[in-house]
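Hi,

Here is the structure we talked about. Please open it alongside this note; the findings follow below.

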Amino acid sequence: MSEKVGNILSATEYGKIETLYERDEKTFKVRVGELKNRTYSLLKTWNWTEKIDGTNIRCIYRDGKITFGGRSDNAQIHADLIEWLYENVTVEKLSAIFPPKDGVGADVVIYGEGFGAGIQKGGGDYSPHKKLIVFDVLIDSKWWLSHENVCDISSKIGLDVVPSFGEMTLEDATEFVRRGFKSKCAINISKNAEGLVGRPLETLFDKKGHRLIVKLKTKDFPSGD
């Protein structure tokens, strides 16, 4: 990997999504009600999307070129997924959506989950072949797009977007995930979803500059809870 490509990847790594609640040190299950960040309680409702069990992928469009990366600089991407990305996320498509302005090209990072047969256990329940499903888009290293705009850009490229479950309070989302629910994007209609990811209705940050975004996974709840 060249130094330039390495720098691009390092600067665009997707931050870790924190679990909403603290964990019990012995069982490692969540302790419902004990928020990891009390800032979360200040928001009445959140937007929730399905959490996909796959591998993190970054599609970086910068200076008229596309670079693909995993969660970290050293992450390996399946060869057939890379091939799919090069065929479906192209310079031609992105340059049409983000034409240069005053001679300056767009700086866009599309974040998604690589999923399908061969990626994680049960990946074939999502798709018989590996592909990308988008969950976030970052513009000029500072503008996180709304879910509606993520859907708009993804549709123009021809990419799927993680299913929306609408607005819910933290309490309602907790109960929904705790009970378990079916995936909206799996070809196997009986597949249980991994969980939900919650974002504020508008992008917000806490006092430390951390973006507010949380996850809830069904397996994190104590059995029989």
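A residue counts as buried when its relative accessible area is under 20%. Keep that cut-off in mind for what follows. Note that this is a predicted model.

Aromatic pairs come first. The count is eleven. In one of them, the ring centres of phenylalanine 68 and tyrosine 86 are 4.9 Å apart and the planes stand at 90°, so this pair is edge-to-face. Phenylalanine 68 belongs to strand E6 (residues 65–69) and tyrosine 86 to helix H2 (residues 79–88), so the contact ties together parts 18 residues apart in sequence. Phenylalanine 68 is buried, at 10% relative accessible area. Tyrosine 86 is exposed, at 52%.

Phenylalanine 165 and phenylalanine 181 also make an edge-to-face pair, 5.1 Å centre to centre with 70° between the planes. Phenylalanine 165 is in strand E11 (residues 164–168), while phenylalanine 181 is in the loop between helix H5 (170–179) and strand E12 (195–200). They are 16 residues apart. Both are buried.

Ring pairs also join Tyr14, Tyr111, Phe135 and Trp144 into a cluster.

Next, charges over rings. The charged end of lysine 184 sits over the ring of phenylalanine 165, 4.2 Å from the ring centre. Arginine 23 places its charged end over the ring of phenylalanine 28, 4.4 Å from the centre.

Last, the largest pocket. It holds about 440 Å³ of space. Its lining has 23 residues, and Gly15, Lys16, His210, Arg211 and Ile213 lie nearest the centre. Eleven of the lining residues are nonpolar, five polar and seven charged.

Best wishes

Note on methods:
Residues numbered from 1 in each chain as written. Predicted model: local features only at pLDDT ≥ 70, side-chain atom pairs only at ≥ 80, totals over all residues. Heavy atoms only, no water. 1 Å grid on protein atoms, 1.4 Å probe; cavity = no way out; pocket = protein on both sides within 12 Å on 5 of 7 lines; lining within 4 Å. Points joined across faces, edges and corners; volume = space filled by probe spheres on them. Nonpolar A, V, L, I, M, F, W, Y, C, P; charged D, E, K, R; others polar. Phe/Tyr/Trp six-rings, centres within 6.5 Å; stacked < 30°, edge-to-face > 60°. Helix = DSSP H or I, 4+ residues; strand = E, 2+ residues; numbered from the N terminus. Buried < 20%, exposed > 50% of the residue type's maximum accessible area, 1.4 Å probe, protein only. Lys NZ or Arg CZ within 6 Å of the ring centre and 35° of its normal.
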